[in-house]
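Hi,

Here is the structure I promised to pass on. Have a look at it first, and then read my notes below.

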Amino acid sequence: MATSSYKEITLNGLWKNNPALVQLLGLCPLLAVTGTTVNAIGLGLATTLVLLGSNISVSLIRNFVPETVRLPAFVMIIASLVTCAELLMQAYTYELYEILGIFIPLIVTNCAILGRADAFASKNAILPSALDGLMMGVGFTLVLIILGTLRELIGQGTLFSGMDLLFGEAASDWQIDVFSNYPDFLFAILPPGAFVGMGILIALKNIIDENLKAREKKDTADVVAGSKRVRTTGTIS
């Protein structure tokens, strides 16, 4: 696969076809657990690992699975990977696992994961499939982190609280109290705040895309206007 194709896969996952901002997939856990940055990072890492593993696995077996059992086979692969992620979180980040609760097992039903397995990994080789899964996971995680950070900042006036749940005792002093004596803004922490925050992020992406398109059209028009037409004349002998 050409380098340009890898670049396109990367841009699709991070921006053009971002599963959260464009496809609007996996919104249930995204909106439910992004009350803090650490929750967002935890869910994002688990989702990225499952996306990466499922894309690689589906690409490996794509030529051996009959069409009739294709989707059930994909679901079984995803469920197995989610179980592995769940057990790892129980072993190493149990308190964070307890906070995220049912939304870790529900990664199995995340349409973004099954969608990439069916739409991309089942039709492509291992390397591009792995890159697609990684970039889609990173794009999803970035949206989680941005939304979680905004909600934590507006809702509690802090940043990076509870990071020791994920990174251990070394991260116990990472919390930043941005506003002293901040009265908690409950609306930002509750689900309605998540919907508003998500709407703002989608609107910002659309504004940026429109500005990029307008700039591209302007640059194209300037090139056309600045080009010179060469006139040729013939001589009659």
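First, some ground rules. This is a predicted model, so to speak of local features I needed pLDDT of at least 70, and side-chain atom pairs count only at pLDDT 80 or more, while totals for chains, interfaces and linings use all residues. Residues are numbered from 1 along each chain as its sequence is written, and side-chain values use heavy atoms, with hydrogens and water left out.

**Helix 3 and its neighbours**

I'd start with helix 3, which covers residues 37-61. (Helices are DSSP runs of H or I with at least four residues, strands are runs of E with at least two, and both are numbered from the N terminus.) Helix 3 has 25 residues and spans 36 Å from its first C-alpha to its last, close to the 36 Å expected at 1.5 Å a residue. (The expected span is 1.5 Å times one less than the number of residues.) Most of this helix is covered, with 18 of its 25 residues buried. Here buried means under 20% relative accessible area, exposed means over 50%, and partly exposed is in between, using a 1.4 Å probe and protein chains only.

What does helix 3 pack against? One partner is helix 7 (residues 126-156), at an angle of about 165° and with the axes 8 Å apart. That angle makes the two helices roughly antiparallel. For reference, the axes are lines fitted to C-alpha atoms, for helices over the stretch in contact, and the angles run from 0 to 180 degrees between N-to-C directions. Angles under 35 degrees count as roughly parallel, over 145 as roughly antiparallel, 65 to 115 as roughly perpendicular, and the rest as oblique. The crossing of helix 3 and helix 7 is right-handed; a crossing gets that label if the near helix is turned clockwise from the far one by less than a right angle, and is left-handed if anticlockwise. The residues in the contact of helix 3 with helix 7 split into 16 nonpolar, twelve polar and two charged. (Ala, Val, Leu, Ile, Met, Phe, Trp, Tyr, Cys and Pro count as nonpolar, Asp, Glu, Lys and Arg as charged, and the others, Gly among them, as polar.)

Helix 6 (residues 111-119) also packs on helix 3, at about 20° with the axes 9 Å apart. Helix 3 and helix 6 are therefore roughly parallel, and their crossing is right-handed. Helix 6 meets helix 4 as well, this time at about 130° with the axes 10 Å apart. That angle makes helix 4 and helix 6 oblique to each other, and this crossing too is right-handed.

**Single residues to look up**

Two residues other than glycine have a positive phi. L24 has phi near 55°; L24 lies in the loop between helix 1 (3-16) and helix 2, and at 40% relative accessibility it counts as partly exposed. N181 also has phi near 55°, but sits in the loop between strand 2 (176-177) and helix 9 (186-189). At 78% relative accessibility, N181 counts as exposed.

N124, in the loop between helix 6 and helix 7, is buried at 18%.

Finally, two helix residues. P192 lies in helix 10 and is partly exposed at 40%; P192 and K217 are 25 residues apart in sequence and 38 Å apart in space, C-alpha to C-alpha. T83 is in helix 4 and is partly exposed at 39%. T83 and E95 are twelve residues apart in sequence and 17 Å apart in space, again C-alpha to C-alpha.

Cheers
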